[in-house]
Amino acid sequence: MNQGALTKKDRARIEIAVRTVDWHLDGRVPRARRRQILNELRSNLIEAAEQVGSQQAVRQLGDLKALANSYLELYRGRFDIRAGSFWAFITYMAIQVLGLALFIAFRAGVAAGGAHGASYSFEFWPGFGPFAGTVSASGNTFEVLIGSPAHILFVLVAFMIGSSYRTVFARRRT
Amino acid sequence: MAQENGAHDSQLLKGVLSLALLRLLAERESYGYELVTRLHELGLTEVQDGSVYPALGRLERDAHVTSRLVASSSGAARKYYRLSAAGYAALEHIELAWQSLVRALAPILSTPVPAKPKEALP
């Protein structure tokens, strides 16, 4: 069955499939290799769609995530930027949550101490962070640290470990 | 190995996909979708496109095939694969291994299956 020329809908369907695979490879496979994979996949999908229709062509690919995983097994780069970003974000959020908890505890301490008419501050490792805060005696105004050299250091370390631990473990297994 | 309904075991197919691709590419240079249709024409209709394309990538990574881009009428360039010298050597090696396996299995499969005991395990 030759379906002939493709409609915009067919091309959109093919592009969605290609982009879905791309989404799984993004940040994990080197860019040049990723472009080659996607160009070949698109070319084969167009060819298939002209023969059997775009819907069937995409269906014949099977599970797109499994397909992307097969490519990942083959072409995974040294660094997984996506995993690194994820762990950097988690680390930043963990620091912030911990900082907030410290701040709440400090504010409770100030209130319990019966402080009057002044602002009180605390700071771990002055000038380096990551925890510092100021609270007024009434508790109406407060400041917490959202960025510091320590934040940057922790986030960078988390990114480095998060983006490369899979490569390290893979090397150990072999 | 065809089952009663003509379907093939997907795990068996996965194991011999490289052999089938190397054999088809030894016949002539081909691109991804063409190889899929050739496999389907040979009766291996369960082979999914999504398993053939990474398998070709694996053959290329192992230097068993080389590739080149050729412009096509559909717009996107086709990536044609052909067997390399290492690919011919690999094909010969895998074919021998396959034939050896078939020979080893033949005596087992040629004997009739004994009658199933009445209290057979499920």
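Which residue just after H3(B) takes a positive phi? That would be Ala63(B), with a phi of about 65°. Before going further, keep in mind that this is a predicted model.

**Helix H3 of chain B**

Let's back up to the helix itself. H3(B) covers residues 49-61, which makes 13 residues. From its first C-alpha to its last it reaches 19 Å, close to the 18 Å expected at 1.5 Å a residue. Ten of those 13 residues are buried, so the helix is largely enclosed by the rest of the structure. Among the buried ones are Asp49(B), Val52(B), Tyr53(B), Pro54(B) and Leu56(B).

**A pocket between the chains' helices**

H3(B) also has a hand in the second largest pocket. Helix H4 (64-75) of chain A, helix H1 (10-27) of chain B and H3 of chain B each supply at least two residues of its lining. The pocket holds about 470 Å³ of space and is lined by 20 residues. Nearest its centre lie Lys14(B), Leu17(B), Gln48(B), Gly50(B) and Ser51(B). Of these, Gly50(B) is also on the list of buried residues in H3(B).

**Salt bridges**

Side chains of opposite charge can pair when their charged atoms come close. Over all chains, the structure holds 15 salt bridges. Here are three of them, with the N to O distance for each.

| Pair | Distance |
|---|---|
| Arg28(A) and Asp80(A) | 3.4 Å |
| Glu29(B) and Arg68(B) | 2.7 Å |
| Asp62(B) and Arg61(B) | 3.3 Å |

Take the chain A pair, Arg28(A) and Asp80(A). It links distant parts of the chain, 52 residues apart: Arg28(A) sits in the loop between helix H1 (8-25) and helix H2 (31-52), while Asp80(A) is in the loop between H4 and helix H5 (81-112). Asp80(A) is buried, with a relative accessible area of 5%.

Asp62(B), the partner of Arg61(B), is partly exposed with 36% relative accessibility.

Finally, chain A has a network of salt bridges linking Glu15(A), Arg19(A), Asp22(A), Asp26(A), Arg34(A) and Arg42(A).

Key. Residues numbered from 1 in each chain as written. Chains lettered and ligands numbered in written order. Predicted model: local features only at pLDDT ≥ 70, side-chain atom pairs only at ≥ 80, totals over all residues. Heavy atoms only, no water. Helix = DSSP H or I, 4+ residues; strand = E, 2+ residues; numbered from the N terminus. Expected span 1.5 Å × (residues − 1). Buried < 20%, exposed > 50% of the residue type's maximum accessible area, 1.4 Å probe, protein only. 1 Å grid on protein atoms, 1.4 Å probe; cavity = no way out; pocket = protein on both sides within 12 Å on 5 of 7 lines; lining within 4 Å. Points joined across faces, edges and corners; volume = space filled by probe spheres on them. Salt bridge = Lys/Arg side-chain N within 4 Å of Asp/Glu carboxyl O.
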